[in-house]
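Let's take a walk through this fold, going from the sheet to the helix and then to a single side chain. Keep the 3D view open as you read.

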Amino acid sequence: MFKLENFKFQTNVSCEGYQCKSDASACLSTPGAKAIGKETMAFVRMRVNISEFLGYATSGHAFCNLFNYDPMKK
C-alpha cells in the first residue's frame with residue numbers, strides 16, 4: 001500500500017466532539033443543545049492528514065461537506 005504522510009485535504013470538522021449520535025442530533029438546534037449543556041453544532045474548515053482525520057472521527061467529531069473546493073486539487 002502506498003501511503004503519503006504529508007498529504008493533507010480540507011474538510012469541515014465540528015468544533016466539539018459528541019459522546020453519541022443522540023447528542024450530535026440534539027446539537028443541531030439551539031434548544032436541543034442547551035438541554036444537554038452544549039453549544040449548537042458549528043463547523044470549522046481544516047486541513048488534515050489521514051491520522052488527524054481519524055483522530056477527530058474517533059473522538060466524536062462530525063464532518064460536513066465542503067461546498068467550495070479547489071477543482072485542481074486531486
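Strands here are DSSP runs of E at least two residues long, numbered from the N terminus. Bear in mind that the model is predicted.

Start with the sheet. Three strands make it up, in the order β2-β1-β3, and this open sheet is paired antiparallel. At its edges are β2 (43-48) and β3 (61-64), each of which pairs on one side only. Ignoring direction, neighbouring strands are turned by 45° against each other on average. If you look at β1, residues 9-17, you'll find six bridges linking it to β2 in the antiparallel sense.

Now for the helix. α3, residues 50-58, lies across β1, β2 and β3, and it runs at about 145° to β2. Have a look at both ends. At the start of α3, N49 has a side-chain oxygen that comes within 3.1 Å of the backbone nitrogen of S51. Just after the helix, G60 adopts a positive phi of about 90°.

Back to S14, then. Is S14 buried or exposed? S14 counts as buried, because its relative accessibility is 2% and the cut-off for buried is under 20%. What does S14 touch, once neighbours within four places in sequence are left aside? Its contacts are M41, A42, F43, H61 and A62. With A62 there is a polar detail too: a polar atom of the S14 side chain lies 2.8 Å from the backbone nitrogen of A62.

Conventions
Residues are numbered from 1 along each chain as its sequence is written. This is a predicted model: local features need pLDDT of at least 70, side-chain atom pairs count only at pLDDT 80 or more; totals for chains, interfaces and linings use all residues. Side-chain values use heavy atoms; hydrogens and water are left out. Two strands pair if DSSP finds at least two bridges between them. Helices (H or I, at least four residues) and strands (E, at least two) are DSSP runs, numbered from the N terminus. Axes are lines fitted to C-alpha atoms, for helices over the stretch in contact, and angles run from 0 to 180 degrees between N-to-C directions. Contact means heavy atoms within 4.5 Å. A polar contact is a pair of N or O atoms within 3.5 Å; within protein, one must be able to donate a hydrogen and the other to accept it, and residues adjacent in sequence count only if both atoms are side-chain atoms. Buried means under 20% relative accessible area, exposed over 50%, partly exposed in between (1.4 Å probe, protein chains only).
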